Amino acid sequence: MNRVDYLRISLIDRCNFRCQYCLPQGAELDYVLQQDLLSQEELLNLIKEVFIPLGFTKFRLTGGEPLLRPGVIQLVEEIANLSQTEDLSMTTNGFLLSRMAQDLHDAGLRRINISLDSLNQETFDRIVGTFGYSRWQQTWEGIQTAYEVGFAPLKLNVVVIPGINDGEIEDLAQLTINRHWHVRFIEFMPIGNPDLFNDRAWIPSEELRQRIRGKWGLIESRIKGNGPADVFQIPGAKGTLGFISQMSECFCDRCNRMRLSADGWLRPCLLNETGQIDLKTALRQGIKLPQLKQQVAQLLEIKPNINFQQRESGTDRGISHRTMSQIGG
Ligand code: SAM
Ligand code: SF4
């Protein structure tokens, strides 16, 4: 049985982008009110008194857009300074990184994943939304700053959507040849935007590998991540190519993670809400941390039986209407 030691923590459900694969287009989202977010103190208490004692040592800060969370630098510092923290990372859209990367690094963050679905400004705008001006340039500068500041490994996440950015696979893969960057192609999942998801909404990773293999060749990388990506390399390249294939190859049996939403729901699986616990309400009702620890321990026991295949619970035709920005992707 897999050891579950990795917690993905959503710091906020709000975002400064509106990626079409993440959020339903046009619809207004019900954001969590400020007072309903887990406070800094509640979050740290849960990490120290519940998760760490149960064996969690790896933490990823995500969202929504985690850099929009007030106090994020201080939070990074507090988690990084805990002696039991073996790994602290962040997933961000990169838009605010040009001014925050140095502070994050100084606070103790070393690993960062940045979403970049296109190198083409128009395609990028089409995916993330238009806001009166293009957000591509500032995002690209954020990526450069993170690299210069010393984030390593620096990973770029690409969600591949047929007909939108799938023509750029080779261009994105090419970024790894001369840079120590890790580009990870993610199969689009049936979450958040049901209108975009149809029978051909995702491209199997093997199809992408064949294209890259056809152009440069492709070898399995000796650098392995501890996550769900299958890692490859273009021969002679400095960086790597990861493929996250949750649609074509189920990796539930390798799952080592749980997710904590910004409003304090602990979820055992991305697409299956069985057993989820409302930790924030419990805390605010005065339930003590040792009791919550017991509840989480019980959830850990049943976690191996909760997975993506039985995702019909809480979904319609397997399509989840909760967005990645709400769950904490
Ligand atoms: N805002 C940050 C960002 O975009 O990196 C962090 C939160 S975002 C929800 C985390 C990751 O989820 C991103 O890499 C994003 O591309 C991915 N994601 C969002 N919706 C997805 C979907 N429907 N299928 C696959 N990946 C998705
Ligand atoms: Fe925001 Fe990230 Fe979702 Fe894009 S993928 S809308 S950046 S939370």
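How many salt bridges does the structure hold? The structure, a predicted model, holds seven salt bridges (a side-chain nitrogen of Lys or Arg within 4 Å of a carboxyl oxygen of Asp or Glu). Residues are numbered from 1 along each chain as its sequence is written, and ligands are numbered from 1 in the order in which they are written. Local features need pLDDT of at least 70, side-chain atom pairs count only at pLDDT 80 or more, and totals for chains, interfaces and linings use all residues; side-chain values use heavy atoms, without hydrogens and water.

**View 1. Salt bridge between Lys 58 and Asp 5.** The closest N and O atoms of the pair are 3.0 Å apart. Lys 58 belongs to strand 2 (residues 58-62) and Asp 5 to the segment before strand 1 (6-10), so the contact ties together parts 53 residues apart in sequence. Strands are DSSP runs (E, at least two residues), as are helices (H or I, at least four), numbered from the N terminus. Lys 58 is buried, at 15% relative accessible area, and Asp 5 is buried at 6% (buried: under 20%; exposed: over 50%; partly exposed: in between; 1.4 Å probe, protein chains only).

View 2. Glu 206 is partly exposed, with 31% relative accessibility. Shared partners join Glu 206, Arg 209, Arg 213 and Glu 249 into one network.

**View 3. Strand 5 (residues 154-160).** Seven of its seven residues are buried, so strand 5 is largely enclosed by the rest of the structure.
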